[in-house]
Amino acid sequence: MKQLALSKYAAEFIGTLILVFIIGCNAHAGSFAAALSIGSALTALVYTFGPISGGHLNPAVTFALALAGYEDLSRRDVVAYMVSQVLGGIVGSVLYFLILGDVLLVQPVGLYSGPQAAAIEIIYSTALCYTVLGVVAGGANAHFGFAIGATVTSACIAGGSISGCCLNPAVAAGSISVAAVKHGAVALHYHWMYVSAPLFGAALGAFAFFIAGGAINGADLNLRGMIKAADWNFTEDQLFSMRSSDYGSVLASYRAAAPETQAPANSLRVVRHSPLVLPRDVVGHAMLCGCSWQMRADRPRGAPAELCDIDLSCAVFSRSGECIGGVYFADKQNLENGLIHSGDEIVSKSPRAPVGSHRDNEYIRLKLSDVKAKVHALIFVVMIFGNGQETFGDVQQMCIRLVDVTMGDREICHFEKKDLHLQANALIAAMLYRQGDSWVFKAVDESYCIEQPHQSYRALEPQLKELVRKEVTPPVPPLRG
């Protein structure tokens, strides 16, 4: 963990250093395309350092994410990020000075006053931080870096001729520190404004995001103290509902323990192709992915309604799409990654029993923190192991669920299918895959017909490989600003 933390702080230091040097070169050259150059550079840096640290590169962004209660940022991280960014700004300014022999004076442009420049810094810092919070809350996509870079580009074009459009306390601190060495105290005249204005804008951005009903990964924003101070009479449930999206957060399933006789009321019911980012704390918990099914009472095959050999398996894939192992009824353990299969089960639940009511027919135990770094996807496949005539058309309903064993077998989320009517005997049900340093659960729900039914998940290896290629390769950086 120490090495990982050091890597994050080093990424923030290096990224901010590069950003400040690029800003200095643009200011020195007086390029008419400086705004486009800086915005494009920020876009590239966010994509570059996003998988490592989140690519904040700005103490104002870090401050806004901290106020928003972003779960990936501890208090130590917040302080270390800001220190790394400021140091990167100072070193970048020194490098710019040593090479070009010039310094960047941070001050209002032309005849504009300090208050006017401060207003521009606050307004556009608010817009930048709100954009960062918005793209973080929006979930995985490949365009978040462009949104952040475009915001900075437009801000530089609109406000650059008024305040210089700094928007970054690390840029200001680095530039002012080096300028003070060359020009003395005169360079410090506006230091308070260019350091504090972006931080004030970050607070306004976080507050505006809160008022608009924003939530990062479903987590409540860390602004209850502000509500209490304003004497707003919101209950805890009202606060939660204000920031709930269509499916909310997986955290919702931890609000109360559900009775074992029915599906937990707070378990998240997921739909096809709707990925859910798992809370960071469950990664180290013992978990299971369970499958339960219920056969149709009017099965035409003549077999007892309760009997059907449906098998759950888990295929392990690398980021490149290579299948590097798995577990199923005949190969029950993958000790390298801590995967254990419960064993074969051919008796389904009674057609009158609610699916998922008593136990899973088959399940796979796992702990995501034990999964090796080379593994980027765990794909759960359900197959009918029969005589070739049985299909999912014989299944009345089926449920795939993710359970936190450490937290007393609390169900995190589940995916249900009813009245399948599928003339198929293989189903890619769900997958767990890495997204940056988080894990994501997604219901896949893709069915296939296997000509030789007495096979394992490897019969679907081409389809599974293509699924990994689409979902995991190339990796989408964690959306952290």
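1. The model is a predicted one, in which local features need pLDDT of at least 70, side-chain atom pairs count only at pLDDT 80 or more, and totals for chains, interfaces and linings use all residues. Residues are numbered from 1 along each chain as its sequence is written, and side-chain values use heavy atoms, with hydrogens and water left out.

2. The average pLDDT (the predictor's confidence in each residue, from 0 to 100) is 78 for the chain, and 75% of the residues score at least 70.

3. Eleven helices and 13 strands make up the secondary structure, taken as DSSP runs numbered from the N terminus (helices H or I, at least four residues; strands E, at least two). Of the contacts with a separation of 6 or more, 74% join residues 24 or more positions apart.

4. Of the 481 residues, 51% count as buried, that is, under 20% relative accessible area, with exposed meaning over 50% and partly exposed in between (1.4 Å probe, protein chains only). Cys323 is buried at 12%, whereas Cys25 is partly exposed at 27%.

5. Zero disulfides are found in the whole structure, a disulfide being a pair of cysteine sulfur atoms within 2.5 Å. For Cys323, the closest cysteine sulfur is that of Cys314, at 9.6 Å, which is too far for a bond.

Definitions and conventions
Contact = heavy atoms within 4.5 Å.
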